[in-house]
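Please consult the sequence and structure shown below alongside the text.

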Amino acid sequence: MAKQWDFDLFINGEWVTDDELAPIEVINPANEEVIGHVPEATVKTAKRAIEAARHAFDHGPWPWMKPAERAGYLVRMAEILESRADELRELIVAETGTTSFATDMIQGYGAIGMLRSNAMQIQHEMQWMEPVGMIQGGTVGVTGQALFREPIGVVAAITPFNFPFMLNMVKVAPALAVGCTVVLKPHSWTPLDAMLIARAAQEAGIPAGVINVITGAGEVGDELTSNPMVDMVTFTGSTATGRRIMASSAPTLKRVQLELGGKSAQVILGDVPESYARTIGFGGVLTHCGQGCAIQTRLLLPVHLMDAYRSGVADAVAAAKIGDPNDPSTVLGPLIRELQRSRVEALVQSGIEQGAELVTGGKRPAHMTKGFFYEPTILIGDNSMRIAQEEIFGPVMTVIPYSGNDDDAVRIANDSIYGLGGGVIANHTGRAFNVARQIRTGMLGAQGVASDPQAGTGTGAGQGPGWGSTPSGIGQAGAFGGFKQSGLGREWGHHGLEDFTEIKSISWS
Ligand code: NAP
């Protein structure tokens with residue numbers, strides 16, 4: 001039997017459950033074995049967690065502690081998590097099916113490091129008080145004025161299944177750092193690593209009610225986003241759920257931070273040499289089996305480079321080893337569930353029906369009888385097809401041949417409801433940079449092949465670094481977030497921290 005991680009819910013500083021609550025069975029997507037259980041929260045449980053967070057904010061010491069004191073708790077939490085890095089890694093790989101390579105790159109120390117960097121920022125970077133010059137603030141009878149930054153209050157944090165530990169951390173760490181209290185609700189498929197965050201907070205001595213972790217499906221989400229005691233919702237997930245959350249939060253005018261879907265373009269410009277085109281293969285779409293919001297899943301390729309690109313595909317397929325995510329040589333682990341695999345299959349089929357050419361993949365690997373595996377897939381189509389417009393969230397690259405003219409590349413890249421990530425590759429960085437400025441997305445990499453010693457040496461099986469062969473990965477994102485229907489607001493960096501604060505102006509006379 002697989003190792004079991006069983007947890008209760010964490011509310012008001014205690015591990016709680018109730019006979020009324022049905023258990024959620026958590027399974028390993030690589031072998032379909034049960035790896036743990038948590039109770040499924042109800043609306044009643046959610047209200048209890050919200051009340052605990054409200055009480056801790058309104059009456060607790062947390063929002064009013066000096067930044068250095070709160071920073072001390074955050075650093076203790078980081079130390080506890082770091083001391084359990086092996087357990088954390090084992091759990092993340094089992095819970096999500098992320099390869100050990102991608103776990104280390106995206107979910108491990110970097111994610112824990114959010115606690116340390118936010119602790120540093122609130123002590124040394126954040127301007128908690130800003131004097132206002134009397135020319136700006138001048139009102140008759142007023143002798144002084146200042147702006148104060150304060151925590152926004154109770155934060156509901158709702159997260160998806162793909163990189164749960166990192167995504168939980170980029171919400172919990174800044175919210176706690178600035179003095180907010182939190183109710184965290186991870187995805188029902190991946191609730192376990194959030195409980196390790198709760199356990200670390202408890203052991204670090206963070207006061208009761210400051211962080212609460214519950215589970216639950218849509219109606220619990222609706223409670224978190226509509227309850228008047230919640231001041232802000234920070235959500236990462238699909239654009240469809242983001243719309244629902246925005247509507248549910250509107251009657252109480254909560255602040256809403258949304259990190260949503262993407263259909264990012266990797267744009268190869270017309271001056272790129274054939275030798276480079278031969279190495280592109282899957283670009284970065286195999287990272288976590290394509291289950292990443294900012295992965296560059298549309299490859300815009302000049303027509304004159306298509307033959308060179310095709311000639312490299314066999315090498316890319318050979319390098320894309322499918323299998324056990326714990327094996328360090330594995331490039332492609334499983335999709336999260338059967339439901340996700342059938343969504344991917346349906347979208348690939350829609351592409352074929354709309355006239356796309358299937359170059360490789362498009363089926364389940366015959367040798368993997370357990371787990372939700374899918375072959376790395378390349379389709380050649382055009383930008384009007386569903387495979388170019390909809391998020392597939394699987395290991396599928398849609399190649400879109402174009403004229404090689406920069407204006408055409410910009411027009412096609414921008415022809416999307418999304419605007420999250422992207423990359424531009426030219427022979428020289430300057431040309432790539434100019435095109436990057438014209439693409440309406442939140443995060444882009446610009447790369448010059450001639451100046452990049454790595455260019456042209458890859459296998460094309462790409463699972464990093466970055467979400468493609470350009471430097472647009474999360475590690476580089478000083479501010480993570482999107483334009484258009486990819487979201488509202490930013491995570492990471494000082495923008496991510498400030499999103500959890502309000503500004504108060506006090507004048508005196
Ligand atoms: P999802 O289906 O939208 O679910 C995300 C979370 O929302 C889950 O915890 C889910 O709970 C919860 N939820 C469902 N209905 C809700 C409601 N009515 N009110 C409040 N919460 C509700 O997304 P997913 O399939 O897990 O994740 C994939 C999506 O996330 C992709 O679109 C991807 O691009 C996006 N994503 C974006 C970013 C970014 O930074 N921009 C990063 C990662 C992922 P349950 O557990 O009950 O389903």
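On a 1 Å grid over the protein atoms alone, a pocket is an open set of points with protein on both sides within 12 Å along at least five of seven lines, whereas a cavity is a set where a 1.4 Å probe fits but cannot get out; lining residues have an atom within 4 Å of a point. The model is predicted, so local features need pLDDT of at least 70 and side-chain atom pairs count only at pLDDT 80 or more, while totals for chains, interfaces and linings use all residues. Residues are numbered from 1 along each chain as its sequence is written, and side-chain values use heavy atoms, with hydrogens and water left out.

**Largest pocket**
- The largest pocket holds about 1,100 Å³ of space, a volume being the space filled by probe spheres set on grid points that are joined across faces, edges and corners.
- Its lining comprises 49 residues, and Pro160, His187, Gly237, Ser238 and Thr241 lie nearest the centre.
- At least two lining residues come from each of helix H7 (164-178), helix H9 (218-226), strand S11 (232-236), helix H10 (239-249) and helix H13 (338-353); helices (H or I, at least four residues) and strands (E, at least two) are DSSP runs numbered from the N terminus.
- H10 gives the most to this lining, with 6 residues.
- The lining has 24 nonpolar, 15 polar and 10 charged residues, where Ala, Val, Leu, Ile, Met, Phe, Trp, Tyr, Cys and Pro count as nonpolar, Asp, Glu, Lys and Arg as charged, and the others, Gly among them, as polar.
- The largest pocket lies between domain 1 and domain 2, because both give residues to its lining.

**Domains and their interface**
- The chain is divided into domain 1 (5-132 + 141-260 + 486-508) and domain 2 (264-476), with bounds from an automatic or database domain assignment.
- Taken over C-alpha atoms, the centres of the two domains are 31 Å apart.
- In domain 1, 27 residues are in contact with 34 residues of domain 2 (heavy atoms within 4.5 Å).
- About 2,600 Å² is buried between the domains, with carbon and sulfur atoms giving 64%; this is the accessible area (1.4 Å probe) lost on putting the two parts together, summed over both.

**Cavities**
- The whole structure has 5 cavities of 30 Å³ or more, and the largest cavity contains about 80 Å³.
- Among the 17 residues lining the largest cavity, Ala265, Arg298, Gly421, Ile439 and Thr441 lie nearest its centre.

**Salt bridges**
- The structure holds 23 salt bridges (a side-chain nitrogen of Lys or Arg within 4 Å of a carboxyl oxygen of Asp or Glu), with 0 between domain 1 and domain 2.
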